[in-house]
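Subject: Structure handover

Hello,

Here is the structure I said I would pass on. Please open it beside this email and follow along residue by residue.

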Amino acid sequence: MPYGYDPDQLTSLIGRPQAAPDEQESFTELVVTDRYALRRVVLAPGDLGELRGRSIAGETLYVETGCMAMTLSDAAGGNRRLELPADRLVSLPVGVEYRLEATASSTAYLFAPSSDPAPLESIQAVRPFDIRQKYWGDIRTIVSGEVTGKRLFLKEGCSGSMEFHVQKHESYYVHSGELALLLRAGRAENRLFRIPAGTVVQIPQGLMHQRGALSDTVIIEISTRDSDADSFLVEDGTKRPMEGFQELLERRRRDCAAAQSGGKPLQEIPGVAPLLRPENQKSRGEILSQSQRIG
């Protein structure tokens, strides 16, 4: 009988977003739970670089890359146009209609629910808040409340501490880079995963987790309410290295060097989840990798 989470079932927490039926990538559902939803918007400039929508439950739009223009309208006939360069966000009240246009190739994320009662004329594009510098990168808060949204930047070669949450359920979308994720479950059994960009990860309450960056990595996170009091440290990353991380980092660097020289990647390191190459990536709900017990 497993203790807590079954280590052999952890791969079920890692998946790829389900592609839209029309294979259009302008709008993609990344995470949908009974508490929150995260969607991605990808637009290019030109006649097709436009998206229309209506805020049903209240949403916050955050522009990660590029530059967008947003035209807002409400039931009273009011209109407002906002310029949204990268690293800007705007909170959309319930019922407001919007049109997004790309003035440069752009990627943005919609966090819901994020109801803001502000009238149309007072809606502004602002920067993220509660920016925290960490030894491994930084955290920027996009949404704060019953639902929390964050942008995490992890520097290549750096890893954080192992922690867990009692109340918070969080979901990651790896926007760019490559993540090393260590999960601990059962009788303190570790599983180390190599997570490429475009992958969604679920971290339920009580699951011990630790992140490292195999290259400069950006994670978009959405979760239930976040509180410092609900973050419990298991291992201090400044004092105890993330298990298996340096080996995986060196392996990746050698693979990159081999690829540049036309050689073949090195053999898998024992105890580390296999590389998730694009041709092997599968849709949400399917197992992406196999792993072995470490130690």
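Asp-87 is a buried residue, because its relative accessible area is 15% and the limit for buried is under 20%. Asp-87 is located in the loop between β6 (79-85) and β7 (88-92). Its phi is near 65 degrees, which is positive, and the residue is not a glycine. Most residues other than glycine have a negative phi, and most peptide bonds are trans. Please keep in mind that this is a predicted model.

Ala-188 also has a positive phi without being a glycine, at about 55 degrees. This residue sits in the loop between β13 and β14. Is Ala-188 buried or exposed? Ala-188 counts as exposed, because its relative accessibility is 54% and the limit for exposed is over 50%.

The bond from Ala-112 to Pro-113 is cis, and its omega is near -5 degrees. Pro-113 belongs to the loop between β8 and β9.

As for the chain as a whole, it holds one helix and 17 strands. It has 295 residues, and 49% of them count as buried. Among contacts with a separation of 6 or more, 75% are between residues 24 or more positions apart.

Next, the nonpolar cores. The largest one has 20 residues, and Leu-10, Leu-154 and Leu-183 are among those with the most contacts inside it. Two or more residues each come from β11 (147-154), β13 (170-185), β14 (189-196), β15 (200-203) and β16 (208-224). Which strand gives the largest share of this core? That is β13, with six residues. Beyond its neighbours within four places in sequence, Leu-183 is in contact with residues including Leu-10, Phe-193, Ile-203 and Met-208. There is also a second, separate core of 19 residues, which includes Val-63, Leu-72, Leu-84 and Leu-110.

Leu-110 turns up again in the surroundings of Arg-39, a residue of strand β3 (residues 37-43). Arg-39 is buried, with a relative accessible area of 18%. Not counting residues up to four places away in sequence, Arg-39 touches Glu-29, Glu-59 and Tyr-109, among others.

How many aromatic pairs does a search of the whole structure find? It finds two. In one of them, Tyr-109 and Tyr-173 are tilted, at 5.9 Å centre to centre and 55 degrees between the planes. Tyr-109 is in strand β8 (residues 97-112) and Tyr-173 in strand β13, so the pair ties together parts that are 64 residues apart in sequence. Both Tyr-109 and Tyr-173 are buried.

Phe-164 and Phe-232 form a stacked pair, with 5.3 Å from centre to centre and 20 degrees between the planes. Phe-164 is in strand β12 (residues 162-164) and Phe-232 in strand β17 (residues 232-235), which puts them 68 residues apart. Phe-164 counts as partly exposed at 22% relative accessibility, and Phe-232 is partly exposed with a relative accessible area of 34%.

Another ring has a charge over it: the charged end of Arg-211 sits over the ring of Trp-136, 5.8 Å from its centre.

Last, the largest pocket. It holds about 630 Å³ of space. Its lining is made up of 30 residues, and Lys-134, Ile-139, Glu-163, Asp-228 and Ser-231 lie nearest its centre. Strands β9 (129-134), β10 (137-143), β11, β16 and β17 each give two or more residues to this lining.

Regards

Definitions and conventions. Residues are numbered from 1 along each chain as its sequence is written. This is a predicted model: local features need pLDDT of at least 70, side-chain atom pairs count only at pLDDT 80 or more; totals for chains, interfaces and linings use all residues. Side-chain values use heavy atoms; hydrogens and water are left out. A nonpolar core is a set of buried Ala, Val, Leu, Ile, Met, Phe, Trp, Tyr and Cys residues joined through side-chain atoms within 4.5 Å. Buried means under 20% relative accessible area, exposed over 50%, partly exposed in between (1.4 Å probe, protein chains only). Helices (H or I, at least four residues) and strands (E, at least two) are DSSP runs, numbered from the N terminus. Contact means heavy atoms within 4.5 Å. Rings of Phe, Tyr and Trp (its six-membered ring) pair if their centres lie within 6.5 Å; planes under 30 degrees apart count as stacked, over 60 as edge-to-face and the rest as tilted. A charge sits over a ring if NZ of Lys or CZ of Arg is within 6 Å of the ring centre and within 35 degrees of the ring normal. On a 1 Å grid over the protein atoms alone, a cavity is a set of points where a 1.4 Å probe fits but cannot get out, and a pocket is an open set with protein on both sides within 12 Å along at least five of seven lines; lining residues have an atom within 4 Å of a point. Grid points are joined across faces, edges and corners, and a volume is the space filled by probe spheres set on the points.
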